[in-house]
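Biologist: Can you walk me through this one? I'd like to start with the salt bridges.

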Amino acid sequence: MCRLTFPLVSLLFIAPLITAAPPATQCGHPFHTPCHEHNPRPWRRLSDAIIRRIWGLPERQKSLGAPSGEAPIAGGVPSGKLLARYGEDIVMRFNISSADEASALAEASDILFLDVWEFNENWVDIRIAKDVVPSLLGLLPPSLQTSHVALMQDLDLAQAIFDSYPSPSSTQTHDDRSFTPTLRTSSSTENLFFQDYQPLSVVIPWMNLLASMFPTHVRRINVGISFEGRDIPALRVGVHPTNGEQPSDPRKTVLVTAGSHAREWISTSTVNYLAWSLITSYGKYSTATHLLESFDFVFVPTLNPDGYVYSWETDRLWRKNRQPTSLRFCRGVDLDRTYPFQWDGESSRGNPCSESFAGDSPFAGVEARRFAEWAKNETENNNVNFVGFLDLHSYSQQVLYPYSFSCSTQPPTLEDLEELALGLAKAIRISRKGRSYRATSACEGNVIISKNTPDGKKEKIVLPRIETGGGSALDWFYHELRVKHAYQIKLRDTGSYGFLLPKENIIPTGQEMLDAVLYLGRYMLGTVGLEDEETENSKPLEGQKPTEQIPNEDDDAEGYEEVTGVEEDAADEYDTLWELRRRIKR
Ligand SMILES: [Zn+2]
């Protein structure tokens with residue numbers, strides 16, 4: 001775990017290093033990749049209060065989450081014990097081509113309590129101990145005996161787990177490069193926070209930092225309290241044009257959430273990236289500025305803080321929350337199965353050991369209930385109108401719209417949902433180095449396959465569900481809270497690394513999702529299709545050179561000039577502080 005306390009003398013010691021370093025400013029910013037020199041920001045702005053906000057962390061936070069007897073990670077490096085847990089496991093992908101095969105696999109994974117990582121209409125990924133493989137194959141039809149491959153063959157699971165934590169050596173490399181002026185390029189200075197996945201003890205001070213540095217449009221809020229007593233932290237980002245007066249219309253608000261499933265670290269880092277991008281772009285770039293004047297965004301990087309901490313300190317592949325169940329040795333409720341709309345926990349009621357355990361009753365999952373209560377209260381008492389809901393997960397690269405619980409019930413706004421889903425997927429695909437995401441219904445994404453019949457026609461085969469799809473956040477927000485634009489987005493990748501996605505993907509995934517969020521914004525503002533999208537994206541604010549665009553990461557640094565906005569100092573200060581913090585940590 002990171003070092004959160006440090007002697008003041010160390011701050012003084014490194015001061016000359018920082019002042020000598022080139023300014024971070026906008027280098028690597030998604031709206032502004034190029035770097036250019038200007039005067040380093042003075043130290044005087046590093047007030048005691050800000051330092052306390054970044055590094056100060058309540059004792060309570062540090063003591064939570066590491067059960068006695070378990071060896072937590074130290075200095076960001078997982079212990080041997082933690083790694084040994086999965087040393088004998090592999091991930092197998094079964095290619096599915098018939099309903100019988102899907103049924104057999106669903107049944108077998110139930111019998112053997114297997115951990116189904118991900119599934120879609122073509123394949124099912126299952127994590128399994130090597131010595132259980134023969135038992136599994138014994139339960140499967142002959143056709144499946146041969147139609148499987150081992151994923152991540154080049155590296156074992158324990159190694160992939162190890163690689164997903166920040167390593168001291170990579171930190172060393174980044175820092176050294178960042179503080180060598182001649183090597184300072186956009187790729188090495190993208191923003192050190194996003195060079196690694198970050199534990200909750202770093203994420204929360206980072207969120208506090210953003211709120212303290214951009215008070216005009218950022219507020220740090222909590223959207224609930226976890227079972228173990230942690231805050232569920234969030235950032236509310238937006239500019240109210242009425243400036244203090246109570247607006248007459250409810251404030252249109254977009255919820256962007258992640259981390260319901262603890263091990264999906266890329267979802268958490270992506271929400272942080274989206275928050276940071278919009279926050280630091282306000283007042284500089286027209287799209288972001290317009291967006292934040294028109295809507296509030298509430299970014300919730302981890303809905304499941306207990307599970308997230310547990311995934312960092314004890315079990316990298318933990319999925320559920322951490323509340324006890326009726327079975328002493330099987331903790332946790334699947335927070336994406338516990339919402340009351342079409343809750344179908346009856347089927348899994350007797351199986352708290354299932355990775356998809358929905359709880360004993362609707363809303364049994366503590367964090368889901370409290371988050372939903374918060375959201376309801378916002379709409380009923382705080383003049384909020386939720387118009388968008390993006391729930392980020394991993395993996396499989398899909399944009400999924402309601403309903404999740406069943407394919408036989410059509411959502412009332414199906415056409416709109418489909419249209420926007422396709423738009424979001426396209427925005428991702430044409431993004432800077434964006435990947436291909438599939439847009440489909442959340443139910444179909446899991447249970448229907450198209451097959452070529454002998455006469456050359458496409459035939460749809462409905463597969464039995466590998467897991468149930470009821471009680472999802474997606475359906476609840478769409479149906480109960482009437483959130484018009486509701487999506488679950490499964491991020492990178494498609495199985496090469498699964499939940500253990502290498503950290504080099506953090507920024508590219510953030511960038512492709514940022515383009516999706518900007519598209520969503522234009523869609524809600526009604527400007528999609530009215531003008532060339534690139535032109536709209538790059539529209540400069542007053543005083544800005546007309547040549548400016550939101551650049552690609554490979555673009556040359558020359559020819560760009562940022563608008564001098566009210567937040568410029570804060571952005572510089574933010575970068576400096578963050579780099580400073582990284583150096584102190586080591
Ligand atoms: Zn998930």
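**Salt bridges and a helix**

Modeller: The side chains of Arg369 and Glu373 meet in a salt bridge, 3.7 Å from N to O. A salt bridge is a side-chain nitrogen of Lys or Arg within 4 Å of a carboxyl oxygen of Asp or Glu. This is a predicted model: local features need pLDDT of at least 70, side-chain atom pairs count only at pLDDT 80 or more, and totals for chains, interfaces and linings use all residues. Residues are numbered from 1 along each chain as its sequence is written, and side-chain values use heavy atoms, leaving out hydrogens and water.

Biologist: What is pLDDT, and what is the mean for the protein chain?

Modeller: pLDDT is the predictor's confidence in each residue, from 0 to 100. The mean is 76, and 66% of the residues reach 70 or more.

Biologist: Back to the pair. How far apart in helix α14 are Arg369 and Glu373?

Modeller: They are 4 residues apart, so about one helical turn separates them. Helices (H or I, at least four residues) and strands (E, at least two) are DSSP runs, numbered from the N terminus.

Biologist: Which residue does Asp89 form a salt bridge with?

Modeller: Arg127, with the closest N and O atoms 2.6 Å apart. Asp89 is in strand β1 and Arg127 in strand β3, 38 residues apart. Both are buried.

Conventions. Buried < 20%, exposed > 50% of the residue type's maximum accessible area, 1.4 Å probe, protein only.
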